[in-house]
Amino acid sequence: VGNFTVTRMCQQQVITAVNRSLPGPTISVNEGDTLVVHVLNKSPYNLTLHWHGIFQLFSGWADGPEYVTQCPILPGNSFTYRFNITGQEGTLWWHAHTSYLRATVYGALIIRPRPGQKYPFKKPEKEFPILLGEWWNANVYDVEEESLNFGGAPNISDAYTINGRLGDQFPCSENQTHKIQVQKGKTYLLRIINAALNNQFFFSIANHNMTVVAIDASYTNPYVTDVVVTGPGQTTDVLLNANQPVGDYYMAAHPYISAAGIQFVTNATVGIIQYKSSRSRNSSSTPIMPTLPAFNDTPTAHKFFSNLTGLKTGPFWVPVPTKIDEKMFITFGLGVSPCGANQNCSNSPFGTNLRFSASMNNHSFELPSTLSMLEAHYNNVSGIYTEDFPNNPPLVFDYTNSNLSFGLAFTERSTKVKKLKFNSTVEMIFQNTALIGIENHPIHLHGFNFHVLAQGFGNYNSTVDEKKFNLDDPQERNTIGVPAGGWAVVRFRANNAGVWFMHCHLDVHMPWGLGTAFVVENGPTAATSLRPPPSDLPKC
């Protein structure tokens with residue numbers, strides 16, 4: 001990991017990148033493999049790498065979130081991530097889990113079936129990773145630092161990317177358009193990854209439908225759609241049938257904006273699907289552009305997210321747990337907190353004494369800085385976190401009413417976690433609050449998949465909404481886009497000992513405190529207990 005100079009939007013920019021590439025290298029494995037990744041930090045920044053969606057069964061030391069499972073890898077130092085990949089197939093990804101560095105430090109992690117095993121769909125002619133990202137004409141580390149120091153929101157990105165390229169809708173980018181060649185009559189697998197920091201996307205291909213067959217490395221019942229909606233951290237595998245007349249077709253992505261009154265770039269990032277032809281083609285012809293939904297088309301986004309179901313005949317399908325040991329009602333959203341001693345909050349919309357914050361159940365999560373939480377757990381070190389994260393918010397109110405007292409928006413900074421017994425079943429009801437605007441939030445849980453039982457708008461009502469639960473074939477995910485001004489219900493089994501971070505995958509909200517963690521106790525045997533730490537684990 002080191003400095004890398006690239007040219008984008010008419011200027012050169014030094015970025016942090018892996019092996020001098022953007023995106024970083026695609027890692028391809030088979031289910032059952034052990035993956036070993038040697039990381040040498042030649043960048044000027046502290047950093048860690050996270051293997052997004054990998055269960056890390058009893059190997060939480062390799063999960064990667066900074067100060068949760070490890071201290072950062074200091075400049076000039078190295079660390080080897082070693083873990084087994086079991087019970088998972090499909091598309092995941094890896095990225096930096098330190099500040100805004102994941103804007104350019106990311107890549108695909110593709111898990112294919114073991115030799116001799118097959119996909120639960122017809123084998124495609126070819127597979128293509130499609131990584132959606134954001135681009136800043138600035139040092140992204142400085143963008144975040146400025147935001148935190150001055151109390152306001154960070155500067156928005158200047159463009160969006162497909163596989164690191166902006167596409168010809170942005171200045172000086174005519175020759176920076178990602179292209180894929182297909183043959184008429186063949187079917188292809190697109191592995192779509194939203195690697196953006198702060199933007200959800202609508203993604204379409206002109207004149208083509210797509211068939212969703214997996215999300216977050218979990219197989220789904222086939223779902224035909226002309227648009228894919230994806231939040232930061234989520235992956236979507238789609239089959240593309242090249243059944244149109246020979247020609248060039250844009251694939252395009254632009255933001256899904258669920259919050260009102262925010263700034264964003266309206267240009268779409270594009271790539272080109274090129275049909276192969278034995279005839280000579282006019283390469284100067286303009287590809288056909290798809291019609292993308294309106295930026296604020298929440299009904300289309302909700303239709304997509306809520307119509308996906310799990311494939312019960314898939315190789316790793318897990319039935320929905322019916323017995324619930326822990327039931328949690330988690331309110332989350334934006335809030336405010338007092339400015340710190342080293343902040344002037346001159347850019348804060350709340351005045352010079354207050355800054356943006358975010359919280360779960362009114363607790364704004366603060367990472368430790370002297371020891372990782374997993375080390376504290378393993379070595380029984382006190383003072384790093386407390387095990388009193390509440391199962392319910394401190395106050396019951398009209399959560400989606402935007403006209404309530406501003407005093408409700410004040411949050412408490414803490415490092416509170418929820419302790420779970422091994423193999424206990426947890427149901428979480430996520431409820432978005434409207435104290436400072438509503439927004440679709442992608443909530444990511446490390447170490448587990450969960451079943452998405454139901455989702456909707458307004459305040460969750462158990463009497464009415466429990467009747468909507470899909471307990472037969474719900475989708476499985478590791479990242480759920482909770483509807484703007486709405487709720488979602490998920491359920492998982494805590495069968496993986498360790499410390500597991502849960503947080504919003506909008507990077508603007510994570511440093512503001514929108515997260516918590518689960519401490520899962522060891523199981524009854526050595527095989528169901530957290531393994532000892534590696535000898536080269538970085539020190540704080």
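# Exercises on disulfides, backbone and strands

A disulfide (a pair of cysteine sulfur atoms within 2.5 Å) links Cys 339 and Cys 345, with 1.6 Å between the sulfur atoms. The model is predicted: local features need pLDDT of at least 70 and side-chain atom pairs count only at pLDDT 80 or more, while totals for chains, interfaces and linings use all residues. Residues are numbered from 1 along each chain as its sequence is written, and side-chain values use heavy atoms, with hydrogens and water left out.

## Exercise 1

## Exercise 2

How many disulfides does the rule give, and what is the pairing when the bonded cysteines are numbered in sequence order?

Solution. The count by the distance rule is three disulfides. With the bonded cysteines of the protein numbered in sequence order, the pairing reads 1-3, 2-6, 4-5. Cys 504 can be looked at as well: its relative accessibility is 0%, so Cys 504 counts as buried.

## Exercise 3

Solution. The sulfur atoms of Cys 10 and Cys 172 are 1.8 Å apart, and the two residues form a disulfide. The elements named are DSSP runs numbered from the N terminus: helices are H or I with at least four residues, strands are E with at least two. Cys 172 has a relative accessible area of 41%, so Cys 172 is partly exposed.

## Exercise 4

Which parts of the chain does the disulfide of Cys 71 and Cys 540 tie together, and why is this disulfide assigned its handedness?

Solution. Cys 71 and Cys 540 are joined by a disulfide, S to S 1.8 Å. The torsion about the S-S bond of Cys 71 and Cys 540 is about -85°, so this disulfide is left-handed. Cys 71 is in the loop between β5 (49-52) and β6 (78-84) and Cys 540 is in the segment after β32 (515-520), so the pair ties together parts that are 469 residues apart in sequence. Cys 71 is buried because its relative accessible area is 0%.

## Exercise 5

Locate Pro 23, Asn 380 and Asn 423 in the chain and state the backbone feature at Pro 23, at Asn 380 and at Asn 423.

Solution. The peptide bond between Leu 22 and Pro 23 is cis, with omega about -5°, and Pro 23 is in the loop between β2 and β3 (27-30). Asn 380 is a residue other than glycine with a positive phi, near 55°. Asn 380 is in the loop between α3 (373-378) and β23 (412-414). With a relative accessible area of 71%, Asn 380 is exposed. Asn 423, also other than glycine, has a positive phi near 75°. Its place is the loop between β24 (418-420) and β25 (424-432), and at 36% relative accessibility Asn 423 is partly exposed.

## Exercise 6

Which strands are joined to β13 by bridges, among them β18 and β16, and is β13 mostly covered or mostly open?

Solution. Two strands pair if DSSP finds at least two bridges between them. β13 and β18 (residues 248-256) run antiparallel and are joined by six bridges; Ser 204 is opposite Ala 252 in β18. β13 also pairs with β16 (residues 228-230), antiparallel, over three bridges, and there Phe 203 is opposite Val 228. As for cover, β13 (residues 200-205) has six of its six residues buried. Gln 200, Phe 202 and Ser 204 point one way, while Phe 201, Phe 203 and Ile 205 point the other way.

Conventions
Buried < 20%, exposed > 50% of the residue type's maximum accessible area, 1.4 Å probe, protein only.
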